[in-house]
Amino acid sequence: MEEFFEVRTLWQLNTNQDPLFLSRDEIEKVIKLRIKKERKAVAEYFWVLFAFQLLIYSFASYLFIRYWGDTQIVALCAAGAIVYVFLTIISIRKFRSMYQPMATHKGDIRANVRNQYGLLTRFFDFKKKFDLVAIPVNSIVLVGILLRLYMPGGIESHIAEAMVAGAAMILVFGIAAWFENKKHFKRRLRRFELIMEDMEKSE
Amino acid sequence: MDLVTEDKFVEDINRNIGIIHKICNVYFNSQYDRQDASQEILYQLWKSYPGFKGESQFSTWMYKVALNTAITYAKKSDRKPRKEMAPDNVISEGNEQYHINEKMRWLYAAINSLSEIDKAITLLYLENKSYDEIAIITGLTKTNVSVRLVRIKKSLKEKLKNII
């Protein structure tokens, strides 16, 4: 194909003028920068989770001590705190696994895309399951505590209000989780799916 | 990585440094994304280098790692069609290099419109990689590579018909 001979010639004429030589120091600088960036991403994820949990634990501990003897408050605080213990451990472990080298000498593009897709899917599946449990539990715990502390008669006397408040809280948390999932997972997963579909369709 | 390996790594990378630039030009539209991705590719190469045992050519291995990184790397800026590639220096319109640069811009824009995998196949083909090597790097069969290349050539020919 004549046109392609010309395209190839043009490509080689132009791209053979290879760019700058990278000194050892420059390469080291880039690598250090990326290591720092990778650690920062993991650390940021950890600290955001940690700060959020610190708030939950502080609030739960305060109520736990302040209302010691009130079975309902103590149970609600314990339930809220326990849910988050698993989150930190599993999330950090799964998040770190996404920073494995992207490819080895054996990994072709197809295998690597599948691998990246698998890693992200597993993390996303875990997060979805966690949200499914944590959002209703948190909402119930928060509504239960608020009604118990600030409404005379507690949750037993305000069942309808408690249900409305609980549903509203679930809705708000649910919308936040949906946007977060769309931004961090769904778009990337869809991109990987399109690449895999493209690779499969002509096989 | 020990000192000997580090020296070898620097030497190997510099012998094939053009691969990183070509891949970034094909896959990323903005200057920021290209710079960020080239750093990420270098980092992934460094992380994966201890696993390179010389079973294939260094350039084949480097293409594999660099393409894998470019394809799976999340872009920071929005995906927009390529408008233009920043020239290294200003060249007057009458100059032959100006026309070559113009043609290259069109060629990059045409390649950029292909799917992620077709971009990789085109790049490897233009780099004179054999169908076998392209199949090894992409994970596709040799027949599939050949079929896709016919389609890609047709598509590029159509897009570049008034240019080249």
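Analyst: Let's start with a pair of helices: in chain B, α2(B) passes α4(B) in a right-handed crossing. A crossing is right-handed if the near helix is turned clockwise from the far one by less than a right angle, and left-handed if anticlockwise. Helices (H or I, at least four residues) and strands (E, at least two) are DSSP runs, numbered from the N terminus. This is a predicted model, in which local features need pLDDT of at least 70 and side-chain atom pairs count only at pLDDT 80 or more, while totals for chains, interfaces and linings use all residues. Residues are numbered from 1 along each chain as its sequence is written, and chains are lettered from A and ligands numbered from 1 in the order in which they are written.

User: At what angle do the axes of α2(B) and α4(B) cross?

Analyst: Two packed helices are described by the angle between their axes and the distance between the axes. Here the axes of α2(B) and α4(B) cross at roughly 30° and come within 10 Å. Axes are lines fitted to C-alpha atoms, for helices over the stretch in contact, and angles run from 0 to 180 degrees between N-to-C directions. α2(B) is therefore roughly parallel to α4(B); angles under 35 degrees count as roughly parallel, over 145 as roughly antiparallel, 65 to 115 as roughly perpendicular and the rest as oblique.

User: Which residues of α2(B) and α4(B) make the contact?

Analyst: Two residues are in contact if their C-beta atoms, placed from the backbone, lie within 7 Å. From α2(B) come B:Ile19, B:Ile20, B:Ile23 and B:Tyr27, and from α4(B) come B:Ser59, B:Met62, B:Tyr63, B:Ala66, B:Leu67 and B:Ala70. By class, this contact has 9 nonpolar, 1 polar and no charged residues. Ala, Val, Leu, Ile, Met, Phe, Trp, Tyr, Cys and Pro count as nonpolar, Asp, Glu, Lys and Arg as charged, and the others, Gly among them, as polar.

User: How do α3(B) and α4(B) pack?

Analyst: α3(B), residues 31–48, and α4(B), residues 58–72, pack at an angle of about 130°, with their axes 9 Å apart. The two helices are therefore oblique to each other, and their crossing is right-handed. On the α3(B) side you will find B:Ala37, B:Glu40, B:Ile41, B:Gln44, B:Leu45 and B:Ser48, which meet B:Met62, B:Val65, B:Ala66, B:Thr69 and B:Ala70 of α4(B). By class, that contact has 7 nonpolar, 3 polar and 1 charged residues.

User: How many helices and strands are there in chain B?

Analyst: Chain B has 8 helices and 0 strands. Its 164 residues include 37% that count as buried. A residue is buried if 20 or more other C-beta atoms lie within 10 Å of its own, exposed if 12 or fewer, and partly exposed in between, with C-beta atoms placed from the backbone.

User: Which domains does the assignment give for chain B?

Analyst: Domain bounds come from an automatic or database domain assignment. In chain B, domain 1 covers 1–75 and domain 2 covers 94–164, and their C-alpha centres lie 20 Å apart. Their contact takes 10 residues from domain 1 and 11 residues from domain 2. On the domain 1 side, α2 (17–27) and α4 of chain B each supply at least two residues. That side has 6 nonpolar, 2 polar and 2 charged residues.

User: How many residues does each chain give to the contact between chain B and chain A?

Analyst: Chain B gives 50 residues and chain A gives 40 residues. Among the elements of chain B that give two or more residues to this side are α1 (3–15), α5 (96–112) and α8 (142–159). The chain B side has 24 nonpolar, 15 polar and 11 charged residues. As for chain A itself, its secondary structure comes to 6 helices and 0 strands, and buried residues make up 13% of its 203 residues.

User: Is B:Asn128 buried or exposed?

Analyst: B:Asn128 is exposed, because 10 other C-beta atoms lie within 10 Å. You can find B:Asn128 in the loop between α6 and α7 of chain B. B:Asn128 has a positive phi of about 65° although it is not a glycine.

User: Where does A:Gly154 lie?

Analyst: A:Gly154 lies in helix α5 (residues 154–157) of chain A. With 16 C-beta neighbours inside 10 Å, A:Gly154 counts as partly exposed. Leaving aside neighbours within four places in sequence, A:Gly154 is in contact with A:Leu147 and A:Arg148. The C-alpha atoms of A:Gly154 and A:Gly144, 10 residues apart along the chain, are separated by 7.8 Å.
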